Amino acid sequence: MNTQVAIIGAGPSGLLLGQLLHKAGIDTVILERQTPEYVLGRIRAGVLEQGTVDLLREAGVAERMDREGLVHEGVELLVAGRRQRLDLKGLTGGKTVMVYGQTEVTCDLMQAREASGAPIIYSASNVQPHELKDERPYVTFEKDGQTHRLDCDYIAGCDGFHGVSRKSIPEGVLKEYERVYPFGWLGMLSDTPPVNHELIYAHHERGFSLCSQRSQTRSRYYLQVPLDERVEDWSDERFWNELKARLPEDVARQLVTGPALEKSIAPLRSLVVEPMQYGHLFLVGDAAHIVPPTGAKGLNLAASDVNYLYRILVKVYREGRIDLLQQYSPLALRRVWKGERFSWFMTQLLHDFGEHKDAWDQKMQEADREYFLTSPAGLVNIAENYVGLPYEEVA
Ligand SMILES: Cc1cc2nc3c(=O)[nH]c(=O)nc-3n(C[C@H](O)[C@H](O)[C@H](O)COP(=O)(O)OP(=O)(O)OC[C@H]3O[C@@H](n4cnc5c(N)ncnc54)[C@H](O)[C@@H]3O)c2cc1C
């Protein structure tokens, strides 16, 4: 089997890269370890930056998003008893975010892939990239008990944090930066109308909570919980009661409760590996970096990497600009680190660190809250990062 770009992983990064390259006339084969049903069953991100929205439009997969997605012009921050609306649109000169679930983005991309007729192989096991420093690398995988070989020019490692791509890079090449937080998020999805028309990020002495949403009838709520908490110990009733206890009374009174469609706990961590390229292998999205979800940046950083790799590969194939391949990692990382900084900052600002912060750090946290939520410059700072910083030109 032969292709120009072998893509490992059919999460949002692999599917979006595949769709953009296909539209540009560049051949790709996508190899995915799981079944399509499994991929679509994962409940994850829900807030799309302007740049991600624009990229989905460019990929020709935005029709349903533009019809069903909810454009949000602001978010609310509840800190130290103060309810502060962040006017994203006003503070950023007109930028907004789109609330449209990652599951829906993935579903739209899968349908586009199927309609295009471009190959995508699900349930591919033992996927392994080879000869990454060679002009003609290849990927081997097993499907239905047979071993296959896929020859290609380049490999895009879009296989998430647990994927094989990053692990295929020889030891000692990558430098890893990591921050692990002493808590996780317990998330609950329910078919209930959102408590507020905009997202609410709430700091409380009982811990952080987030009132998010996927549509006008589907809500996603999160609670900060200790790392040793178990989902089985959280009945729906316990979840709703705890959420109400962390919200101001007027908001709690409006909360519509109902049975959980899904509940899960995700530990919070920040991680970046550098560089994001090794020979003809390029790491994209969660394969190279993880953020705590507090800044709504995970999926958006994956889209940002896709944006750079896609534009570089188009110039490589159309104009012979192989010099640009070296630009991928520095370009992508400059934006990744800003996204990491913002996600870290929001996590510091809004969570309760208990004994994990000393008295000095707690005072700094209080001063940050006071400053960022009362100063016009502080509000602009949060808003411009939340809607997403601009992409750099690939030239
Ligand atoms: C529980 C959870 C909740 C999250 N919530 C939020 C949120 O609220 N907001 C936010 O912005 N971000 C959130 N994120 C992060 C966001 O979902 C990710 O940043 C995003 O999915 C990254 O996309 P990706 O395509 O790079 O990786 P992934 O979505 O992880 O996709 C990787 C794909 O590669 C496949 N794969 C893995 N290994 C192999 C292999 N060896 N061979 C072939 N295929 C392989 C996987 O099955 C998967 O389909 C969350 C993540 C998790 C895990």
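## Surface and overall dimensions

The accessible surface of the protein chain amounts to about 17,000 Å², and carbon and sulfur atoms account for 48% of it. The model is a predicted one. Of the 395 residues in the protein chain, 55% count as buried.

The radius of gyration of the protein chain is 21 Å; a compact globule of 395 residues would have a value near 21 Å, so the two agree.

## Secondary structure, contacts and charge

The protein chain contains twelve helices and 20 strands. Among its contacts between residues at least 6 apart in sequence, 71% join residues that are at least 24 apart.

As to charge, the protein chain carries 44 positive and 55 negative side chains. The centres of these two sets lie 2 Å apart.

Ser 209 belongs to strand β15, which covers residues 209-213. With a relative accessible area of 0%, Ser 209 is buried. Leaving aside residues up to four places away in sequence, Ser 209 touches Ile 200, Tyr 201 and Ala 202, together with Tyr 222, Leu 223, Leu 243, Arg 246 and Leu 247.

Val 79 is located in strand β5, residues 74-79. Its relative accessible area is 1%, and Val 79 therefore counts as buried. When residues up to four places away in sequence are not counted, Val 79 touches His 203, Leu 350, Arg 369 and Leu 373. Between Val 79 and Leu 281 the C-alpha to C-alpha distance is 44 Å, and the two residues are 202 apart in sequence.

## Cysteines

The count of disulfides is zero.

## Backbone geometry in loops

A cis peptide bond joins Glu 274 and Pro 275, with omega at about -5 degrees. Pro 275 is placed in the loop between β17 (260-274) and β18 (277-278).

Positive phi values occur at two residues described here. Ser 123, although not a glycine, has a phi of about 50 degrees. Ser 123 sits in the loop between β8 (120-121) and β9 (125-130), and at 33% relative accessibility Ser 123 counts as partly exposed. Ala 296, also a residue other than glycine, has a positive phi near 55 degrees. The loop that holds Ala 296 runs between β20 (289-290) and α9 (298-319). Ala 296 has a relative accessible area of 18%, and this residue counts as buried because the cut-off for that class is under 20%.

Definitions and conventions: Residues are numbered from 1 along each chain as its sequence is written. This is a predicted model: local features need pLDDT of at least 70, side-chain atom pairs count only at pLDDT 80 or more; totals for chains, interfaces and linings use all residues. Side-chain values use heavy atoms; hydrogens and water are left out. Helices (H or I, at least four residues) and strands (E, at least two) are DSSP runs, numbered from the N terminus. Buried means under 20% relative accessible area, exposed over 50%, partly exposed in between (1.4 Å probe, protein chains only). Contact means heavy atoms within 4.5 Å. The radius of gyration is taken over C-alpha atoms; the globule rule is 2.2 Å times the number of residues to the power 0.38. Accessible areas come from the Shrake-Rupley method with a 1.4 Å probe; for residues, only the protein chains shown count as cover. Lys and Arg count as positive and Asp and Glu as negative; His and the chain ends are not counted. The place of a charge is taken as NZ of Lys, CZ of Arg, CG of Asp or CD of Glu. A disulfide is a pair of cysteine sulfur atoms within 2.5 Å.
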